[in-house]
Amino acid sequence: MNVVCLDLEGVLVPEIWIAFAEATGIEELKKTTRDEPDYDVLMNYRIDILREHGLGLEQIQEVIRGIDPMPGAKEFLDRLKPHAQVIIISDTFSQFAGPLMEKLGWPTIFCNELAVAGDGAIEGYRMRCPETKLTTVNALHEAGLDTIASGDSYNDVGMILNSKAGFFFRTTDALKAEYPDVPAFEGYDELFDAIMAAL
């Protein structure tokens with residue numbers, strides 16, 4: 001049995017932190033896992049900036065409610081679901097995911113959890129497990145499942161390289177150059193065809 005494992009931000013929906021950076025005018029929040037491979041460094045950097053500006057979960061959720069999936073993303077998922085199980089494996093947080101999952105037709109998502117104070121300030125975060133995407137894919141393999149994976153950032157590389165088939169989607173030139181053997185696609189039709197061929 002095959003499970004298709006997809007990243008969320010950059011693959012199905014726009015980057016949440018970039019949308020929040022644009023809404024608040026805080027340019028430093030535009031840094032993502034495409035720029036910083038160490039997720040712990042990146043999240044602590046973000047939390048420090050939020051604290052500095054007095055911003056918390058409520059302000060981020062307000063921006064998220066206005067984010068729509070990328071054009072064609074829901075249709076892509078709808079086409080894929082009859083052919084394989086699909087899991088979104090994301091380093092985002094459960095407090096961010098709800099409105100986006102509703103707009104995508106409630107696919108299954110494995111993500112992380114924010115530690116939020118009573119006043120809504122984000123104090124930290126809890127990852128489900130170390131190297132969440134790679135660990136999840138390996139656990140699926142141990143359960144007797146094959147995986148096909150796609151993502152756009154450094155934190156997707158582990159699950160892409162350790163799956164039966166793996167693809168970059170709308171990734172950076174730097175990642176394409178660093179991993180020239182990983183097919184890279186720009187459109188959902190191309191990605192769908194590649195996944196179907198792997199199935």
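Visitor: What makes strand S2 (residues 85-93) largely enclosed by the rest of the structure?
Guide: Eight of the nine residues of S2 are buried, where buried means under 20% relative accessible area, exposed over 50% and partly exposed in between (1.4 Å probe, protein chains only). With that count, S2 is described as largely enclosed. This is a predicted model, in which local features need pLDDT of at least 70 and side-chain atom pairs count only at pLDDT 80 or more, while totals for chains, interfaces and linings use all residues. Residues are numbered from 1 along each chain as its sequence is written, and side-chain values use heavy atoms, with hydrogens and water left out.

Visitor: How do you know that S2 pairs with strand S1 (residues 2-6)?
Guide: Two strands pair if DSSP finds at least two bridges between them. S1 and S2 have four bridges, in the parallel sense, and Leu6 has Ile88 in S2 as its bridge partner. Strands (E, at least two residues) and helices (H or I, at least four) are DSSP runs numbered from the N terminus.

Visitor: Which way do S2 and strand S3 (residues 108-116) pair?
Guide: S2 and S3 are paired in the parallel sense, again over four bridges. Ile87 has Thr108 in S3 as its bridge partner. S3 is also joined to S4 by four bridges, and those two strands run antiparallel. There, Glu113 is partnered by Arg126 in S4.

Visitor: Why is helix H3 (residues 57-65) called roughly parallel to helix H5 (residues 94-103)?
Guide: The two pack at an angle of about 10°, with their axes 9 Å apart. Axes are lines fitted to C-alpha atoms, for helices over the stretch in contact, and angles run from 0 to 180 degrees between N-to-C directions. Angles under 35 degrees count as roughly parallel, over 145 as roughly antiparallel, 65 to 115 as roughly perpendicular and the rest as oblique. H3 is therefore roughly parallel to H5.

Visitor: Which residues of H3 meet H5?
Guide: Leu57, Ile60, Gln61, Ile64 and Arg65 of H3 meet Gln95, Phe96, Pro99, Leu100 and Lys103 of H5, contact being heavy atoms within 4.5 Å. By class, this contact has six nonpolar, two polar and two charged residues.

Visitor: Why are helix H1 (residues 16-24) and H3 called roughly perpendicular?
Guide: Their packing angle is about 105°, and their axes are 10 Å apart. H1 and H3 are therefore roughly perpendicular to each other. From H1, Ile16, Trp17, Ala19, Phe20 and Ala23 meet Gln59, Ile60, Val63 and Ile64 of H3. The classes here are eight nonpolar, one polar and no charged residues.

Visitor: How do you know that Ile109 is partly exposed?
Guide: Its relative accessibility is 21%, so Ile109 counts as partly exposed. Ile109 lies in strand S3. Leaving aside neighbours within four places in sequence, Ile109 is in contact with Leu8, Ile88, Ser90, Thr92, Ala97 and Met101.

Visitor: Why is Glu131 called exposed, and Arg170 partly exposed?
Guide: Glu131 has a relative accessible area of 61% and is therefore exposed, whereas Arg170, at 25%, is partly exposed. Glu131 is in the loop between S4 and H6, and Arg170 is in the loop between strand S6 (165-169) and helix H8 (173-178).

Visitor: What is phi at Glu131 and at Arg170?
Guide: Most residues other than glycine have a negative phi. Glu131 has a positive phi near 45°, and Arg170 has a positive phi of about 50° although it is not a glycine.

How values were computed. Ala, Val, Leu, Ile, Met, Phe, Trp, Tyr, Cys and Pro count as nonpolar, Asp, Glu, Lys and Arg as charged, and the others, Gly among them, as polar.
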